[in-house]
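Dear colleague,

I am handing over the structure below, together with some notes on what turned up in it. Please read them with the model open beside you.

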Amino acid sequence: MSSDKRARRAKRAAKSRKRQSHDHENKVVGFLRGTDLNSLVRFFQTWLVETDFYENDADPAVLAAAAEAMGTAAYERRSDFQPDCWTVSDVDAAIGFAEELEDLDPDAPSAALPVFALRAFLDFLRETGRWAGPEDLCDVVMDVVDDALVRYLTKQDLDVEDIDPAEEEAALSGLEVTRRLDALLTWLGSGRPVTEDGSLDPTLLQGASDAMDIGMPDEVETMDDHATLAELWTLAEVVGLISVRSGSAEPGKNANDWRSGPRLMLLRETAERELESKVASWVSEAAQELAVTILQRGLTRLPLHEEDLRADDDTVPDTRLALEIMAYLAEDLRAEGWLHLADDGGYVVPSALRLVVSNAVAVLSNKLDPVPVVTLKLEMPGIEPPVSRRVEVTGLLSLKGLHDLIQSLMSWNDSHLHRFSVYPREGDSRPFMPQAAIDDGLVGRSEAIPEDGMPIGVILEEPGAQLLYEYDFGDGWEVLVTLEAARPPVGDDDNYLLSVVDGTGTAPFDDVGGAGGWEVFVAAVTDPTHEQHAELRDWAGLSPTAPFDPTAFDVEAANKALEDDLT
């Protein structure tokens, strides 16, 4: 299963749990309907032809067949499923079917096609008056399908190679934040005085504000009282445009590149940070989620439109408020250049800004729906005395990072090939291996999935889930990795957490000859009368009198080694 598929499955599961925690109603009672799926699909296909739905290029017959397959999947999940009144559970079951089909059949279409067909089918039910359930339930299930489509289409629609560097640099240079930082550097000159805490001298606040054309609020005594100026000042420090020291703010290490180039990478970093900061500055998490949704949709062929955000007089008050907030956010993002209005009224991310916006959205999405901190137990099956380690790490840790962690905890020297596999193996599932091994032809590209960018929090979704780590295929070392628990992260530090909790036993040494060789080694070095006692102690670098306890494990020493090895 590819990293994209695993990631979206984990996201879908998380969203499903979140909806359930908010007590969305998944059951519908009191509706007596007799419309069968086949009849509805026939009408649906005719409707597609008559309406040229979304001006889509897909064959109406293909969309109709896909919608019928999705309805059949919902029937499999719930025997009393009604095709003219879908619940969240029905939609989740259908989306899961589409993803499983894509996973199992290399010739199957992308999951985006049947999910798009389902979205069109729901539109058909509503537009033709065939939707038989509550209107607010229709809104909910459409949102669920849209959420899935956005995830697929964001990946499909974003082609970084199509972004011309010159066009991208011009677009980034035209952003309001770039123009203001240009003005700040010009105003700064060779240097300006600052206070002891690194803030701009209060007597200079008016001049800096005028230079950047950001206005000056009333009753400003320090830079902290001027939020816009303080944020720009901090951003300039973070990206290295200014350097504050010894009572003065001077041009920073990146100031020359900013002024004369090359500055594309610097512009990207600055713009991403600015967009992340802008969205995060909205106090309400709900507003942040809405902003991320607007931006995500703007990266796809399904952007939100002005008309989508207009409330009618009879709109439910809560929905009206949400639409008003979304309309405000969309206009605010448009005013600063992150979106533009297409001819059809859609809020679209400009093509030259797609990379920056996509990267910022990924960061913001993780903060809003954070990857948990996980407790992993690492065990070596069949090794005596028993060898185990228990660690607490961020779920953002990649399999490559987990490999490095295991190497450190077992005191191995990473001199042999390794691989990860879902355990127990799922049919013909492929292992995860280093990108370098795949590039070097040590394994075929169709035979393994690159481990480098694969987060463990995406693969190990539920307590009890396991991975098998194999190292040195000659000696045949195995480490069984089990997810024992998961918890929400607490603070930004948890996004980098790598901590050894406890453990038992000394891990077998590299090149000792497998489990049998380790058994001989332990017996020999702990028994002065063994015929290989001196030889194997010398091989291991143990002096004749040095103690060796194969049951020993030092947590404090392991954490220190981990810090030295991985930081």
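A residue is called buried when its relative accessible area is under 20%, exposed when it is over 50%, and partly exposed in between, with a 1.4 Å probe and protein chains only. The model is a predicted one, in which local features need pLDDT of at least 70 and side-chain atom pairs count only at pLDDT 80 or more, while totals for chains, interfaces and linings use all residues. Residues are numbered from 1 along each chain as its sequence is written, and side-chain values use heavy atoms, leaving out hydrogens and water.

Next come the aromatic rings. Rings of Phe, Tyr and Trp (its six-membered ring) pair if their centres lie within 6.5 Å, and planes under 30 degrees apart count as stacked, over 60 as edge-to-face and the rest as tilted. By this rule there are 17 aromatic pairs. One of them is the stacked pair of Trp412 and Tyr471, with 5.0 Å from centre to centre and 20° between the planes. This pair links distant parts of the chain, since Trp412 lies in the loop between helix H16 (399-409) and strand S8 (418-423), whereas Tyr471 belongs to strand S11 (residues 466-471), 59 residues apart. Trp412 counts as buried because its relative accessible area is 7%, and Tyr471 is buried too, at 0%. Elsewhere, Phe509, Trp518, Phe521, Trp539 and Phe548 form one aromatic cluster.

Arg263 is over the face of Trp258, at 4.9 Å from the ring centre, and Arg419 is over the face of Phe473, at 4.4 Å.

Finally, there is an open sheet of three strands in the order S1-S3-S2, with antiparallel pairing; two strands pair if DSSP finds at least two bridges between them. Its edge strands, each pairing on one side only, are S1 (192-193) and S2 (242-245). S1 is joined to S3 (residues 248-251) by two bridges, and Pro193 stands opposite Ser248 in S3.

How values were computed. Helix = DSSP H or I, 4+ residues; strand = E, 2+ residues; numbered from the N terminus. Lys NZ or Arg CZ within 6 Å of the ring centre and 35° of its normal.
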